[in-house]
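Here are my notes on the model you sent. They are in numbered points, one topic to each.

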Amino acid sequence: MSFQQINEQCYYYESAVNIGYVTDGVTGLLIDAGIDRSAVKKVEKELLKKELPLTHLFITHAHADHYGGAAYIQQKYEIHTCAPPFEAAILENPSLEPLYLAGGNDPLPELRNKFLEGPAMAVDEVIEEGEQLIGTIPLQAFFTSGHSYNQLSLLVNGILYAGDAYFSVEQLHKHKIPYITDAEAAVKSLHNLLDLNCEGGVPGHGTYELDFKQTVQKNIDYHEKLLAWLEEALEEPSTHEAIVKKMCRIYEVEAPQLSQWLLYRTAVTAYLVGLIRRKKITHYVSDFAWTFQLVRS
């Protein structure tokens, strides 16, 4: 774990969940805040040591590992906080994350943990896609949905802060079925990243790369491989419960806890949603079970 300078304005703290930082000497913009106060305090220590300003905070998306340290920063500093639309509502009401993972039911106690529900935080400004000015720093914001409903990635001074729009190859193989919410949206976002003109990219999980587009392409290939497997697995109609079980078994994921299983259930469903959007499969309810089958020409 280390605080690394990329160019004159851009830095990032490399950790299990990366935290970005950009400054022009006047504005100090933190990009994401880690999973808890201990994570973001490590970045704070580096900023104090280097006498760098901290005036603004941007959260790429409302997953607890990216905003868990935000409340601490807001309590300690007069900081202007920005976030994407929709994601902002979850950041201010973090119990929504375990709520939606639980399918709308009141979350059980084991789902009320720091991995799924960070401390509530305030959002001062909702940021849309396009050219933006955060403090005195000009940047471009891009919707990169697929991993989260309305995630925004930032392009600042030639550096892409991608959030979880793409993962390191190691992360893909570690999780085996990566957490996404819509495979078709995720692939489209990745293709959009391939068209960006920039110097390098910082993923939410992984390391800064100059040639990050190779990693982006490997993400596309990985998603397409899972989509192809799932399409083949639906040669015969299958219920939602059965296909989640089959895919998790085939890819040998580990989900002994309810929270882990719910994350994998969402991920498998994301690939089903992707195939539905591509009109490769259809779905219906039969005998009280959500059922999927191939669309045959």
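1. In this predicted model, the buried residues of α10 are S259, L262, Y264, T266, A267, V268, T269, A270, Y271, L272, G274 and L275. The helix has 20 residues, and from its first C-alpha to its last it reaches 28 Å, close to the 28 Å expected at 1.5 Å a residue.

2. The largest nonpolar core holds 29 residues. Those with the most contacts inside this core are I177, L230, L234, M247 and Y271. Two or more residues of the core come from each of α7 (183-194), α8 (212-233), α9 (240-250), α10 (258-277) and β15 (289-294). The most is given by α10, with seven residues. As background, nonpolar side chains in soluble globular proteins tend to be buried together.

3. There is also a second, separate core, of 27 residues. Among its members are Y21, V40, A62 and Y67.

4. How do α9 and α10 cross? Their axes come within 10 Å, at an angle of roughly 105°. That angle falls between 65 and 115 degrees, and the two helices are therefore roughly perpendicular to each other. On the α9 side the contact is made by H240, I243, V244, M247 and C248. On the α10 side it is made by W261, Y264, R265, V268, T269, Y271 and L272. By class, the residues of the contact of α9 with α10 are nine nonpolar, two polar and one charged.

5. The contact of α8 with α10 divides into seven nonpolar residues, one polar and one charged.

6. Which residues does L230 touch, apart from its neighbours within four places in sequence? L230 is in contact with I243, M247, V268, Y271, L272 and L275.

7. Backbone angles deserve a look at two residues. Most residues other than glycine have a negative phi. K279, which follows α10, has a positive phi of about 60° although it is not a glycine. K279 sits in the loop between α10 and β14 and is exposed, with a relative accessible area of 66%. F86 is another residue other than glycine with a positive phi, near 70°. F86 is in the loop between β6 (80-83) and α4 (87-92) and is partly exposed, at 46% relative accessible area.

8. V285 belongs to strand β14 (residues 281-286) and has a relative accessible area of 64%, which makes V285 exposed. V285 and T239 are 46 residues apart in sequence, and their C-alpha atoms are 8.8 Å apart in space. F288 lies in the loop between β14 and β15; F288 is exposed, with a relative accessible area of 85%. Between F288 and I159, which are 129 residues apart along the chain, the C-alpha separation is 49 Å.

Conventions: Residues are numbered from 1 along each chain as its sequence is written. This is a predicted model: local features need pLDDT of at least 70, side-chain atom pairs count only at pLDDT 80 or more; totals for chains, interfaces and linings use all residues. Side-chain values use heavy atoms; hydrogens and water are left out. A nonpolar core is a set of buried Ala, Val, Leu, Ile, Met, Phe, Trp, Tyr and Cys residues joined through side-chain atoms within 4.5 Å. Buried means under 20% relative accessible area, exposed over 50%, partly exposed in between (1.4 Å probe, protein chains only). Helices (H or I, at least four residues) and strands (E, at least two) are DSSP runs, numbered from the N terminus. Contact means heavy atoms within 4.5 Å. Axes are lines fitted to C-alpha atoms, for helices over the stretch in contact, and angles run from 0 to 180 degrees between N-to-C directions. Angles under 35 degrees count as roughly parallel, over 145 as roughly antiparallel, 65 to 115 as roughly perpendicular and the rest as oblique. Ala, Val, Leu, Ile, Met, Phe, Trp, Tyr, Cys and Pro count as nonpolar, Asp, Glu, Lys and Arg as charged, and the others, Gly among them, as polar. The expected span of a helix is 1.5 Å times one less than its number of residues.
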